[in-house]
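I am opening my notebook on a structure that is new to me. Come along, and I will jot down what I look up.

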Amino acid sequence: MRAGAISLAAFLIGAISGVVLAAPADEADPLVKKISLFKKGAGRVAWSAQGDWLAFDKEGSSGHYQLWTMKRDGTFERCLTCDPFDLRKKNSFNPTWHPSGDYLVFQVQNLPGRLALDPIDLATGNRGLHSDLWLMTKDGKSWWQITRSAEQGGAVLDPHFSHEGNQLLWSERVRSRIGRWGRWVLRVAEIKLRRVPRLGKPRTFNPRPQHLFMSGSGFTPDDQGALVAGNLEPGQGENGMDVYRLGFERGSFERLSHTQRAWDEKAHYTVKGDRILWISANEITLKDADENSDLPFEQLRDLWVMDADGDNKQRLTRFNDDSAPESMRAAIVDDFAQSPGGDEILAHVIWSTSGQIQEGLYLIELNESFRR
């Protein structure tokens with residue numbers, strides 16, 4: 001039996017048992033201990049700072065994505081946006097927790113039927129189309145719209161709270177009909193959680209020198225900057241993205257990854273603050289990918305880690321490596337959240353089975369070096 005068949009068999013056996021062993025990066029001390037399917041059908045995910053609650057989006061029978069919460073152990077699962085009249089017929093997705101665990105901010109996408117976006121589309125800049133940001137209490141009893149960009153033809157995506165919980169960042173489209181997804185900037189605003197929550201006047205950060213797609217990933221550990229991704233280099237195509245560190249004081253962008261043609265995005269500091277996790281298309285070749293897959297080759301991605309200064313880049317998952325036990329031959333790691341303890345990651349993965357696009361959360365168990 002050839003190596004590819006062996007790894008596929010290993011994956012199928014693991015999927016049935018719920019456990020898939022990851023190929024070790026280092027036999028003496030592998031960074032990844034185990035990979036297992038955690039929740040099929042779930043999408044983008046956030047982990048509360050307290051560690052006990054998860055928030056995620058999931059497509060319902062109506063074709064709309066709704067916002068759900070549940071305990072880490074899988075209990076008390078409930079939909080927060082299925083009943084409110086303002087939200088039930090829209091896409092509610094891409095949540096982030098306030099550090100207190102009392103609030104969630106998420107995207108709400110109008111006109112989901114007209115857009116007809118599938119999981120693959122929502123892994124691109126299209127996830128921001130016709131979107132605004134909403135805030136909701138953890139119990140789902142109160143909710144507020146906090147941006148109104150879509151009304152002026154704009155779009156927003158990827159909200160994130162600061163560690164102190166007093167700031168919110170997001171990306172916003174400021175010009176359409178340019179490039180594939182338009183021209184984007186990063187917004188950072190004070191958020192005031194009063195009786196009626198509201199955002200203060202945002203600061204705006206423009207990328208250099210090419211102004212096309214850009215997504216914010218989260219604040220630096222001191223809240224004085226942010227990690228962003230974009231095709232900011234001259235001549236860099238829109239399927240090529242790199243990770244940058246933005247300093248708010250000077251508005252400077254420090255380039256951390258250098259993959260001119262590969263998609264790098266969703267960078268986050270680890271809970272210890274000593275490393276950066278991100279998703280990347282780097283090292284994925286046509287030889288590894290299934291030529292009959294329904295997923296576009298240029299969007300295939302895996303999870304990576306690097307030191308905070310950009311050195312020592314290592315691949316953590318190999319869903320797109322035909323020789324790895326967890327191989328799917330073609331997969332998009334689209335989003336992820338690290339546990340507050342540091343030794344677990346939930347990753348949103350998109351794959352194809354028998355012509356059907358599938359998505360779900362995979363649990364990635366890390367070694368002791370990631371513990372807080």
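How many helices and strands does the chain have? I count two helices and 25 strands, where helices (H or I, at least four residues) and strands (E, at least two) are DSSP runs numbered from the N terminus. The radius of gyration of the chain is 19 Å, close to the 21 Å that the globule rule gives for 372 residues, so the chain is as compact as a globular protein of that length. That radius is taken over C-alpha atoms, and the globule rule is 2.2 Å times the number of residues to the power 0.38.

A note on ground rules: this is a predicted model, in which local features need pLDDT of at least 70, side-chain atom pairs count only at pLDDT 80 or more, and totals for chains, interfaces and linings use all residues. Residues are numbered from 1 along each chain as its sequence is written, and side-chain values use heavy atoms, with hydrogens and water left out.

**Entry: the whole chain**

I looked up the spans of the C-alpha trace along its principal axes and found about 60 × 45 × 40 Å. Of the 372 residues, 58% count as buried (under 20% relative accessible area; exposed is over 50%, partly exposed in between, with a 1.4 Å probe and protein chains only).

**Entry: the largest pocket**

What volume does the largest pocket have? I read about 910 Å³. Of the 38 residues that line this pocket, the closest to its centre are Trp 47, His 163, His 268, Tyr 269 and Gln 338. On a 1 Å grid over the protein atoms alone, a pocket is an open set of points where a 1.4 Å probe fits, with protein on both sides within 12 Å along at least five of seven lines, and lining residues have an atom within 4 Å of a point. Grid points are joined across faces, edges and corners, and the volume is the space filled by probe spheres set on the points.

Several strands each supply at least two lining residues, among them S2 (42-47), S10 (155-161) and S23 (331-338).

**Entry: salt bridges**

I found 22 salt bridges in the structure, each a side-chain nitrogen of Lys or Arg within 4 Å of a carboxyl oxygen of Asp or Glu. Glu 77 pairs with Lys 39, their closest N and O atoms being 3.1 Å apart. This pair links distant parts of the chain, with Glu 77 in the loop between strands S4 and S5 and Lys 39 in strand S1, 38 residues apart. Glu 77 is partly exposed at 30% relative accessibility, whereas Lys 39 is buried at 16%.

Asp 302 and Arg 315 also meet in a salt bridge, at 2.8 Å from N to O. Asp 302 sits in strand S21 and Arg 315 in strand S22, 13 residues apart. Are these two buried or exposed? Asp 302 is buried at 0% relative accessibility, and Arg 315 is buried at 7%.

I also noted a network of salt bridges that links Arg 44, Asp 57, Lys 266, Arg 301, Asp 334 and Asp 335.

Most residues other than glycine have a negative phi. Asn 94, not a glycine, has a positive phi of about 60°. Asn 94 is in strand S6 and is buried at 7% relative accessibility. Asp 158 has a positive phi too, of about 55°. Asp 158 belongs to strand S10 and is buried, with a relative accessible area of 2%.
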